[in-house]
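Biologist: Before we talk about labels, could you put the model on the screen, so that each term can be set against its cut-offs?

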Amino acid sequence: QVQLQESGPGLVKPSQTLSLTCTVSGESITANLYYWSWIRQPPGKGLEWMGAIAYSGSAYYSPSLKSRTSISRDTSKNQFVLQLSSLTAEDTAVYYCARDLHGGPFTYSWDYWGQGIQVTVSS
């Protein structure tokens, strides 16, 4: 069974860069046809797709976050990493990683999820 787990800091300061790691087990992140996405949910709001990295290593981003977002991977550890720069309090959210059948903002394509990690942006 595919399992994903997010890790990283729970508290970060405004203007800094957030780095979160998703560790995947049960499936290689280089397996053909799959994408690996980052999704977040601010308090009281809906899910927001942030971006994805494909099995090939190509990355794709939500237009609203593209200027601040970078997704990379470490295939030796079967991990992919989110970096979000220029943080503000509005970036406070629960952050999820997920396997993605298409690589985009299509809720029905996110078939395996991590449990999520709470990230608070505050001084």
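Biologist: Which residues of the largest nonpolar core touch the most other members?

Modeller: This is a predicted model, in which local features need pLDDT of at least 70 and side-chain atom pairs count only at pLDDT 80 or more, while totals for chains, interfaces and linings use all residues. Residues are numbered from 1 along each chain as its sequence is written, and side-chain values use heavy atoms, with hydrogens and water left out. The largest core has 24 residues, of which Leu4, Leu18, Leu20, Val24, Trp38, Phe80 and Tyr95 touch the most other members. β3 (18-25) is one of the strands that each supply at least two residues of this core, and the largest share, 4 residues, comes from β3. A nonpolar core here is a set of buried Ala, Val, Leu, Ile, Met, Phe, Trp, Tyr and Cys residues joined through side-chain atoms within 4.5 Å, and strands are DSSP runs (E, at least two residues), numbered from the N terminus.

Biologist: Why is Phe80 counted as buried?

Modeller: Buried means under 20% relative accessible area, exposed over 50%, and partly exposed in between, with a 1.4 Å probe and protein chains only. Phe80 has a relative accessibility of 0% and therefore counts as buried.

Biologist: What makes the pair of Tyr35 and Tyr55 edge-to-face?

Modeller: Rings of Phe, Tyr and Trp (its six-membered ring) pair if their centres lie within 6.5 Å; planes under 30 degrees apart count as stacked, over 60 as edge-to-face and the rest as tilted. The centres of Tyr35 and Tyr55 are 6.2 Å apart and their planes stand at 80°, so the pair is edge-to-face. The pair links distant parts of the chain, with Tyr35 in strand β4 and Tyr55 in the loop between β5 and β6 (59-61), 20 residues apart. Tyr35 is buried at 18%, whereas Tyr55, at 28%, is partly exposed.

Biologist: What kind of aromatic pair do Trp36 and Phe80 form?

Modeller: Trp36 and Phe80 form a tilted pair, 6.1 Å centre to centre with 50° between the planes. Trp36 lies in strand β4 and Phe80 in strand β8, 44 residues apart.

Biologist: How do you know that the charged end of Arg99 sits over the ring of Tyr34?

Modeller: The rule asks for NZ of Lys or CZ of Arg within 6 Å of the ring centre and within 35 degrees of the ring normal. The charged end of Arg99 sits over the ring of Tyr34, 4.0 Å from its centre.
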